[in-house]
Amino acid sequence: MKGKFIAFEGCEGAGKSTQMRLLSEYLERRGVPHIVTREPGGSEISEAIRKVILNGKFTSMADECEALLYAAARAQHLADTVGPALREGKTVLCDRYIFSSYAYQGYGRGLDMAFLENINSYAVHHFMPDVTLFLDIPPVLAFARKHGADKEDRIEQAGEAFHKKVYEGYRALLQKYPGQLVPVDCSGNKFQTHEKIVALLKKTGVIG
Ligand code: TYD
């Protein structure tokens, strides 16, 4: 793979979209070829799976089904979108990847971590980003920034206790995967956070 693969993680409303847009503009100004994509989704089939996973009507979806659908969407996204872009030498900015499954389905839903590692390793053939940035902001603050949870979205509706567990899960994952999952302090404004991200990516050699 020639291109660099950067994933963004965080709780709902942590500002991932804004930071991905600012980084995309930064790369654009420097003439770095890149794509911006997201999970679940980012390809025709994966976007169709996304509609099933997030559908607010499917309240009885089994946690195992949810985890397998995220992994399935990820496999297709890698095959259709991420893999081809990286082979063309493009930088890939991806909104969420495997650590979302560990944080939400593992720590949030309480599914067995070995099961999640197995299905996800199988889905992506152990393929991991060059770096995954964790936008570190607790869920209460994050929801306040985005003015509350979306009523149509099954995961956003999962409740405050669930989202607290997800955040604590991310904090545990930072300890478990140092260097792979890297925290970004989001206490400043969006431009300050952007500067931190650029500095971090330069330091780790992910961008020039
Ligand atoms: P999205 O609207 O993209 O949320 P956000 O803007 O916060 O990224 O919806 C994606 C939702 O799916 C989000 O609530 C997190 C959840 N999710 C998982 O639970 N597991 C996963 O593996 C992924 C990729 C996402």
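Modeller: **The ligand site and its surroundings**

The model is predicted, so local features need pLDDT of at least 70, side-chain atom pairs count only at pLDDT 80 or more, and totals for chains, interfaces and linings use all residues. Residues are numbered from 1 along each chain as its sequence is written, and side-chain values use heavy atoms, with hydrogens and water left out.

Around the ligand there are 16 residues, of which Lys 16, Tyr 70, Arg 96, Ser 101 and Gln 105 come nearest. A residue counts as near if one of its heavy atoms lies within 4 Å of the molecule. Sorted by class, this shell holds 8 charged, 5 nonpolar and 3 polar residues. Here Asp, Glu, Lys and Arg count as charged; Ala, Val, Leu, Ile, Met, Phe, Trp, Tyr, Cys and Pro count as nonpolar; the others, Gly among them, count as polar.

Three helices, α2 (44-54), α3 (63-87) and α4 (98-108), each supply at least two residues of the shell. The most come from α4, which gives 4 residues. Helices (H or I, at least four residues) and strands (E, at least two) are DSSP runs, numbered from the N terminus.

For Ser 101, an N or O atom of the side chain is 2.6 Å from a ligand oxygen. For Arg 96, the corresponding separation is 2.7 Å. For Arg 74, a polar side-chain atom lies 2.9 Å from an oxygen atom of the ligand. Taken alone, the ligand exposes 540 Å², and the protein buries 91% of that. Accessible areas come from the Shrake-Rupley method with a 1.4 Å probe; for residues, only the protein chains shown count as cover.

Arg 96 is placed in the loop between β3 (91-95) and α4. Its side chain also makes a polar contact with the side chain of Tyr 170, at 3.2 Å. A polar contact is a pair of N or O atoms within 3.5 Å; within protein, one must be able to donate a hydrogen and the other to accept it, and residues adjacent in sequence count only if both atoms are side-chain atoms. Arg 96 counts as buried because its relative accessibility is 12%. Buried means under 20% relative accessible area, exposed over 50%, and partly exposed in between (1.4 Å probe, protein chains only).

Helix α3 also contains Asp 80. Asp 80 has a relative accessible area of 38% and is therefore partly exposed. The side chain of Asp 80 makes a polar contact with the side chain of Ser 43 (3.2 Å). Asp 80 and Gly 42 are 38 residues apart along the chain, yet their C-alpha atoms are separated by 8.4 Å.

The peptide bond joining Glu 39 and Pro 40 is cis, with omega about -10 degrees. Pro 40 lies in the loop between β2 (34-38) and α2.
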